[in-house]
Amino acid sequence: MKNFFILLLLSGLLLVEATADYQRHFSIRELDSVPKRIDGKPPVYPPHLKAGHVEGNLKLVVVINESGDVEVIDVIEASHLSFIVPAIRSAESGKFTPPMKDGIPVKAKYIFPFNFRLR
């Protein structure tokens, strides 16, 4: 009977450990497949930068949750500060297919690049 309770306790610990693992943010390369964008708005080009013919780049760190919603958690690079707000608004308006790990929807951390180019 004592061995049964130890086995039950160990099984519970393994279940808690496995559940905790799926609560963390996975990197894109750890997923079954890369989430695909299914909806969202493009960034609005800042008018004063457009008028000045200024182009640039920006990188955001985002978390795509189990429902495919996006949350920006950091800006890691921006060639001009005026690109930040439009990029965040665009990223957070996005909807993705849910990130999947072993067939289970999970949260994924991703570096989301933006290229502001005049055409």
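Reader: How many bridges join β3 to β4?

Author: Strands of a sheet pair through backbone hydrogen bonds, either parallel or antiparallel. In this predicted model, β3 and β4 run antiparallel and are joined by seven bridges. One of the pairs is V63 with its bridge partner E71 in β4. Five residues lie between the two strands of this hairpin, and G68 takes a positive phi near 90 degrees there.

Reader: Which strands make up the open sheet, and in what order?

Author: The open sheet consists of four strands in the order β1-β8-β3-β4, with mixed pairing. Its edge strands are β1, residues 25-27, and β4, residues 70-78, each of which pairs on one side only. On average, neighbouring strands of the sheet are turned by 35 degrees against each other, direction ignored.

Reader: How should I read the buried residues of α3?

Author: The general idea concerns the helical repeat. An α-helix has 3.6 residues a turn, so residues three or four places apart point the same way. In α3, the buried residues are I84, P86, A87, S90 and A91. Seen down the axis of α3, these buried residues fall within an arc of 165 degrees, so they line one face of the helix. They pack against β2, β3, β4 and β8.

Reader: Why does S90 count as buried?

Author: A residue counts as buried when its relative accessible area is under 20%. S90 belongs to helix α3, and its relative accessible area is 4%, so S90 counts as buried. Leaving aside residues up to four places away in sequence, S90 touches R37, K41, P42, P43 and F114.

Reader: Is V34 buried, partly exposed or exposed?

Author: V34 is partly exposed, with a relative accessibility of 45%. This residue is located in the loop between β1 and β2. V34 also illustrates how sequence separation and spatial distance are read together: V34 and P98 are 64 residues apart in sequence, while their C-alpha atoms are 9.1 Å apart in space.

Reader: What is in the largest nonpolar core, and which elements supply its residues?

Author: In soluble globular proteins, nonpolar side chains tend to be buried together. Here the largest nonpolar core has 16 residues, and those with the most contacts inside it are L58, L60, V62, A91, F112 and F114. At least two residues of this core come from each of β3, β4, α3 and β8. β3 supplies the largest share, four residues. In β3 as a whole, seven of the nine residues are buried.

Reader: Which residues does F114 touch?

Author: Residues up to four places away in sequence are not counted, and F114 then touches P43, G56, N57, L58, L60, A87, S90 and A91. There is also a second, separate core of five residues, among them F26, I28, L31 and A108.

Reader: What is the mean pLDDT of the protein, and where is the pLDDT below 50?

Author: The mean pLDDT is 84, and 81% of the residues reach 70 or more. Over residues 1-22 the pLDDT is below 50, and this stretch has five contacts in the model beyond near neighbours in sequence.

Terms used: Residues numbered from 1 in each chain as written. Predicted model: local features only at pLDDT ≥ 70, side-chain atom pairs only at ≥ 80, totals over all residues. Heavy atoms only, no water. Pairing = 2+ DSSP bridges. Axes fitted to C-alpha atoms, helices over the stretch in contact; angles between N-to-C directions. Buried < 20%, exposed > 50% of the residue type's maximum accessible area, 1.4 Å probe, protein only. Core = buried A, V, L, I, M, F, W, Y, C linked by side-chain atoms within 4.5 Å. Contact = heavy atoms within 4.5 Å. pLDDT = per-residue confidence, 0-100. Arc of directions from axis to C-beta.
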